[in-house]
Amino acid sequence: MLSARSLFQEIVDDDRSYQLFCSIAASGETQGGWENARIAALVPQSLAGLAPKITRHGADEDKHGRIFNGLLRKRGLDPVPVPPETDYTMLLERAGIGLAHDKLRRDEPLTEYDILVYLSHSRVTEQRAADQMNTLVRHFGDHPEVGKAVRIISADEDNHLAYCHEELLRLARAGHARTIQRTLRECALAEIAVYRDVSLAVMEHMGRILRWPRAKSTVLAAGIHAVYAYERAGGRRRMVRLAMPARRDALGGPAEAAPVL
């Protein structure tokens, strides 16, 4: 039977597939850490109060990168190059979602609109991350090798999502509601397409490593396309709704250090 649990178990059990999985995850998290650090440094004075939270967000992402690299070291593995077609953050940037890296590399203050774009992009991508990590916790939260890591990262992703909801609602009340809703819709439509493409690419690489039969790969690809069709038809609405989170000021404190796994 094909299930999220059985598929991930296959990936974890094989050194080469596990190495690729952790390398892809570590690269994406580290990239997110750099992006948030640059945004925090360039926040406009009118939104300076957000800078510590954006800094905390980036520090959490850096921590996640170190956690995934730590999982590799624990098994005696080195990171491997990330295939470009599996690079979620790079493909999102190419799709024009979020803030362009060339803008972040300049030492010019961002605008309030830039921060709206950043928060909207983060609200969409953090929903994806929170959903994925919740699935991993459900199936592997007690796994002796990866359980502690997925529990820590899942809790952080829930905090990041709560932060995005709270700050976007605050800015919506300040008069930016239409811009935020439009940007959220644009981000969600682009993200579901990128997620489909990256999922297909990752499954293709895993299939080659694990020598999946053609029938299995075909079924998995069909499932990925079905998820995209569902999200295109309306399932993406979970990514654009805004609701005040139960936990307020979720990123109000300092980031915790990466644990010893």
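**Notebook: salt bridges, helix packing and buried residues**

I noted that Arg208 and Glu204 both sit in helix α7, four residues apart, or about one turn of the helix. Their side chains form a salt bridge, with the closest N and O atoms 3.0 Å apart. I record here that the model is a predicted one.

**Entry on salt bridges**

I looked up how many salt bridges the structure holds, and the total is 18. Salt bridges with shared partners link Arg128, Asp131, Glu191, Glu231 and Arg238 into one network.

I then turned to Lys63, which forms a salt bridge with Asp156 at 2.7 Å between the closest N and O atoms. Lys63 belongs to helix α3 (residues 51-74) and Asp156 to helix α7 (residues 147-210), so this pair ties together parts that are 93 residues apart in sequence. Are the two partners buried or exposed? I found Lys63 to be buried, with a relative accessible area of 2%. Asp156 is at 7% relative accessibility and counts as buried because the cut-off is under 20%.

I also checked Glu108 and Arg106, whose side chains meet in a salt bridge at 3.6 Å, N to O. Glu108 counts as partly exposed at 47% relative accessibility. Arg106 counts as partly exposed at 36%. As background, I noted that side chains of opposite charge can pair when their charged atoms come close.

**Entry on α3 and α6**

I next examined how α3 packs against helix α6 (residues 112-140). The axes come within 13 Å and cross at roughly 35°. I recorded the crossing of α3 and α6 as left-handed. Which residues make the contact? On the α3 side I listed Ile54, His57 and Glu61, and on the α6 side Tyr118, Ser122 and Glu126. By class, the contact of α3 with α6 has two nonpolar, two polar and two charged residues.

**Entry on cysteines and Ser120**

I searched for disulfides and the count is zero. Cys187 is in no disulfide, and the nearest cysteine sulfur, that of Cys164, is 11 Å away. Cys187 counts as buried at 4% relative accessibility. Cys22 is also buried, with a relative accessible area of 1%.

Cys187 came up again when I looked at Ser120, as one of the residues in contact with Ser120. Ser120 lies in helix α6 and counts as buried at 0% relative accessibility. What does Ser120 contact, leaving aside its neighbours within four places in sequence? I listed Leu168, Ile180, Thr183, Leu184 and Cys187.

**Entry on Val12**

I finished with Val12, which is found in helix α1 (residues 4-13). Val12 is buried, with a relative accessible area of 1%. Not counting residues up to four places away in sequence, Val12 touches Tyr18, Arg75, His143 and Glu145. I also looked up the separation between Val12 and Val146, which are 134 residues apart along the chain. Their C-alpha atoms are separated by 8.8 Å.

Technical notes:
Residues are numbered from 1 along each chain as its sequence is written. This is a predicted model: local features need pLDDT of at least 70, side-chain atom pairs count only at pLDDT 80 or more; totals for chains, interfaces and linings use all residues. Side-chain values use heavy atoms; hydrogens and water are left out. A salt bridge is a side-chain nitrogen of Lys or Arg within 4 Å of a carboxyl oxygen of Asp or Glu. Helices (H or I, at least four residues) and strands (E, at least two) are DSSP runs, numbered from the N terminus. Buried means under 20% relative accessible area, exposed over 50%, partly exposed in between (1.4 Å probe, protein chains only). Axes are lines fitted to C-alpha atoms, for helices over the stretch in contact, and angles run from 0 to 180 degrees between N-to-C directions. A crossing is left-handed if the near helix is turned anticlockwise from the far one by less than a right angle, and right-handed if clockwise. Contact means heavy atoms within 4.5 Å. Ala, Val, Leu, Ile, Met, Phe, Trp, Tyr, Cys and Pro count as nonpolar, Asp, Glu, Lys and Arg as charged, and the others, Gly among them, as polar. A disulfide is a pair of cysteine sulfur atoms within 2.5 Å.
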